[in-house]
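Subject: Handing over a structure

Hello,

I am passing a structure on to you, and below it you will find my notes on what turned up. Please have a look at it first and then read on.

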Amino acid sequence: IDGKAEHTEDESGFCTVCDAAVGSTEGLIYDFSADRTYAEVIGYEGTSTRVKIAEEYEGVPVTGIYDGVFQYNTVIRSVVIPDGVTSIGGSAFYNCYSLTNVVIPDSVTSIGDEVFYNCNSLMSVVIPDNVTSIGGWAFSQCSNLTSIEIPDRATLPSLHPQNNYST
């Protein structure tokens, strides 16, 4: 469009003009399965406040986020998880107290223990219908969390007073 800036990607994988996710964020560390049929996110060494995980890594699908990948990261504000990821490991976002937004795709079927523990800036979470299990203490200490949408078929852990789950 005449007079409009060209859409370009910043270092975190988002368009500098319209803020849409474009590519994956630099600093994400991936590892292959033993048979190299899938990859998982196993670490993050970046500094971006917005993170977009790649759909593929070196030609194979990214299907998981490993345990503790982002834990104690105090700068991340938003994370976009691509369709194709089926599991989010335990403590993946543990103590990410600046995290305000996570986009969880329909492909996710399991969410680990303490996945969002102490994510104080998180205000709402929508768990997709395909999720069948949510680990213990997944939303504990999320003091500003006011809304969690959980599918009826999800298996929930024993509830703790600070886990205000509702379906």
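In what sense do strand 6 and strand 8 pair, and over how many bridges? Strand 6 (residues 78–80) pairs with strand 8 in the parallel sense, and three bridges join them. One of the bridges brings Val-79 together with Val-102 in strand 8. Here strands are DSSP runs of E with at least two residues, numbered from the N terminus, and two strands pair if DSSP finds at least two bridges between them.

Before going further, a word on the source: this is a predicted model, in which local features need pLDDT of at least 70 and side-chain atom pairs count only at pLDDT 80 or more, while totals for chains, interfaces and linings use all residues. Residues are numbered from 1 along each chain as its sequence is written, and side-chain values use heavy atoms, with hydrogens and water left out.

Around strand 5

Strand 5 (residues 60–65) pairs with strand 2 (residues 39–44) in the parallel sense over three bridges, and Gly-64 in strand 5 is the bridge partner of Glu-40. With strand 4 (residues 56–57), strand 5 pairs in the antiparallel sense over two bridges, where Tyr-57 stands opposite Val-60. Strands 4 and 5 form a hairpin with two residues between them, and Glu-58 in the turn has a positive phi of about 50 degrees. Strand 5 also pairs with strand 7, in the parallel sense over two bridges; there, Ile-65 stands opposite Ile-88.

Aromatic rings

There are eight aromatic pairs, counted where ring centres of Phe, Tyr and Trp (its six-membered ring) lie within 6.5 Å; planes under 30 degrees apart count as stacked, over 60 as edge-to-face and the rest as tilted. Tyr-94 and Tyr-117 are stacked, at 4.9 Å centre to centre with 5 degrees between the planes. Tyr-94 is in the loop between strand 7 (87–88) and strand 8, and Tyr-117 in the loop between strand 9 (110–111) and strand 10 (124–126), so the pair ties together parts 23 residues apart in sequence. Both Tyr-94 and Tyr-117 are buried (under 20% relative accessible area; exposed is over 50%, partly exposed in between, with a 1.4 Å probe and protein chains only).

Phe-116 and Phe-139 are stacked as well, at 5.6 Å centre to centre and 15 degrees between the planes. Phe-116 is buried, with a relative accessible area of 0%, and Phe-139 is buried at 2%. Ring pairs join Tyr-44, Phe-70, Phe-93, Phe-116 and Phe-139 into a cluster.

Confidence

The mean pLDDT of the protein chain is 88, and 84% of its residues reach 70 or more; pLDDT is the predictor's confidence in each residue, from 0 to 100. Over residues 159–167 the pLDDT is below 50, and this stretch has 22 contacts in the model beyond near neighbours in sequence, a contact being heavy atoms within 4.5 Å.

Best wishes

Notes. Helices (H or I, at least four residues) and strands (E, at least two) are DSSP runs, numbered from the N terminus.
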